[in-house]
Amino acid sequence: MQRFEVENNNGFFASVDGVLYNKARNYIIRYPSARPGASYRVPSGVKNIQILAFSETADLQQISIPESVTMIGDRAFESCVNLVSIDLFCRCENTEAVYL
């Protein structure tokens with residue numbers, strides 16, 4: 001899948017540039033596994049990256065996570081075989097280990 005599309009009147013979900021968020025756009029639920037592009041900057045204001053949100057992403061090589069993020073779900077980056085750089089600017093409660 002290259003992108004998620006959510007209708008504006010959906011009461012639970014939203015998509016921004018093809019990435020799936022909760023309606024308030026402060027949780028990333030899923031980054032499309034076949035989304036083109038080598039880098040992604042999580043928008044400021046996002047507070048939570050859900051479990052498996054970026055898992056098995058084929059083209060992603062670099063991700064930047066802003067200070068607003070306070071939680072990164074388990075295995076959020078699992079099997080991202082081309083991911084070589086994670087820029088963490090956040091004060092996450094659970095960043096003892098990030099498994100790729």
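Mentor: Start with the inventory. This predicted model has 0 helices and 8 strands. Along the sequence the pattern reads β-β-β-β-β-β-β-β.

Trainee: In what order do the strands of the open sheet stand?

Mentor: The order is 1-2-3-5-7, with 5 strands and mixed pairing.

Trainee: Why do strand 1 and strand 7 count as edges?

Mentor: Each has a single partner strand, so one side of each lacks a neighbour in the sheet. Strand 1 covers 13-16 and strand 7 covers 71-72.

Trainee: How do you know whether the radius of gyration agrees with a compact globule?

Mentor: Set the value against the rule. For 100 residues, a compact globule would come near 13 Å. The protein has 13 Å, so the value agrees. The C-alpha box is roughly 40 × 25 × 20 Å along the principal axes.

Trainee: What share of the residues is called buried?

Mentor: The cut-off is under 20% relative accessible area. Buried residues make up 37% of the 100 residues.

Trainee: What part of the accessible surface belongs to carbon and sulfur atoms?

Mentor: They hold 47% of about 6000 Å².

Trainee: How far apart are the mean positions of the positive and negative charges?

Mentor: They lie 6 Å apart, for 9 positive and 11 negative charges.

Definitions and conventions:
Residues are numbered from 1 along each chain as its sequence is written. This is a predicted model: local features need pLDDT of at least 70, side-chain atom pairs count only at pLDDT 80 or more; totals for chains, interfaces and linings use all residues. Side-chain values use heavy atoms; hydrogens and water are left out. Two strands pair if DSSP finds at least two bridges between them. Helices (H or I, at least four residues) and strands (E, at least two) are DSSP runs, numbered from the N terminus. The radius of gyration is taken over C-alpha atoms; the globule rule is 2.2 Å times the number of residues to the power 0.38. Buried means under 20% relative accessible area, exposed over 50%, partly exposed in between (1.4 Å probe, protein chains only). Accessible areas come from the Shrake-Rupley method with a 1.4 Å probe; for residues, only the protein chains shown count as cover. Lys and Arg count as positive and Asp and Glu as negative; His and the chain ends are not counted. The place of a charge is taken as NZ of Lys, CZ of Arg, CG of Asp or CD of Glu.
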